[in-house]
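Please have a look at it first, and I will start once everyone has it on the screen.

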Amino acid sequence: MRLALIEARTALDTGDVPVGAVVADALGEVIGSGRNRREDDGDPTAHAETIAIRSAARTVGTWRLDGCTLVSTLEPCPMCAGAAVAARVARVVFGAWDPKMGAAGSVWDLLRDRQLNHRPEVIGGLEEHASQALLREFFARQR
């Protein structure tokens with residue numbers, strides 16, 4: 001989570017919401033990382049989690065991230081939850097809960113939906129206060 005928080009901090013000065021993510025393999029080695037880049041890239045899909053998943057897939061040379069853990073500073077949205085399921089990550093760990101777009105238990109629970117063919121383990125609230133503090137700082141600057 002420390003590395004995801006570092007990624008999120010880099011987004012503070014870019015105009016993007018400060019969300020960071022990393023993907024670790026089964027041995028705990030980071031194989032992918034990302035931060036929100038929607039503003040930088042002009043891409044609505046450039047969320048930290050999708051960037052980290054793409055980075056990890058390039059590193060391992062396949063889209064299947066079996067045994068891997070996606071760590072994000074914010075509860076994944078429906079798009080990012082879907083990407084985690086599609087990539088077959090073993091677990092999703094996140095910091096702050098997202099009461100507006102969260103798809104890991106807050107608003108929806110896509111990651112544990114029994115209709116899906118893959119359901120990763122979900123662990124929420126890790127370093128929640130640090131993640132929330134970055135978000136508060138960002139939105140205070142926007143006002």
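Before I count anything, let me say that helices (H or I, at least four residues) and strands (E, at least two) are taken as DSSP runs and are numbered from the N terminus. On that basis the protein has five helices and five strands, and when these are read along the sequence they follow the pattern α-β-β-α-α-β-α-β-β-α.

A word of caution on where this comes from: the model is predicted, so local features are given only where pLDDT is at least 70, side-chain atom pairs count only at pLDDT 80 or more, and totals for chains, interfaces and linings use all residues. Residues are numbered from 1 along each chain as its sequence is written, and side-chain values use heavy atoms, with hydrogens and water left out.

Let me begin with the overall dimensions. The radius of gyration, taken over C-alpha atoms, can be set against a globule rule of 2.2 Å times the number of residues to the power 0.38; for 143 residues a compact globule would have a value near 15 Å, and the protein has 14 Å, which agrees. Along the principal axes, the C-alpha atoms fill a box of roughly 40 × 30 × 25 Å. The accessible surface, computed by the Shrake-Rupley method with a 1.4 Å probe, where for residues only the protein chains shown count as cover, comes to about 7200 Å², and 51% of that belongs to carbon and sulfur atoms. If we call a residue buried when its relative accessible area is under 20%, exposed when it is over 50%, and partly exposed in between (1.4 Å probe, protein chains only), then 46% of the 143 residues count as buried.

Now to the sheet, where two strands are said to pair if DSSP finds at least two bridges between them. The five strands form an open sheet in the order β2-β1-β3-β4-β5, with mixed pairing. Because β2 and β5 (121-124) stand at the edges with a single partner strand each, one side of each is left without a neighbour in the sheet.

Which residues of β1 point one way, and which the other? Gly20, Val22 and Ala24 point one way, while Ala21 and Val23 point the other way, and all are buried. Strand β1, residues 20-24, is thus mostly covered, with five of its five residues buried.

On one flank, five bridges join β1 to β2 (residues 30-35), and these two strands run antiparallel. Within that pairing, Gly20 has Arg35 as its bridge partner, and Val23 has Gly32. The hairpin of β1 and β2 has five residues between the strands, and there Gly28 takes a positive phi near 90°. Toward β3 (residues 69-74), four bridges join the strands, again antiparallel, with Val22 partnered by Val71 and Ala21 by Ser72.

Asp13 is found in the loop between α1 (2-11) and β1, and it is exposed, with a relative accessible area of 67%. Asp13 and Arg141 are 128 residues apart along the chain, and their C-alpha atoms are separated by 9.9 Å.

Is Ala87, by comparison, buried or exposed? Ala87, in the loop between α4 (78-86) and β4 (91-96), is buried, with a relative accessible area of 4%. Taking contact to mean heavy atoms within 4.5 Å, and leaving aside neighbours within four places in sequence, Ala87 is in contact with Ile53, Trp63, Arg64, Leu65 and Asp66.
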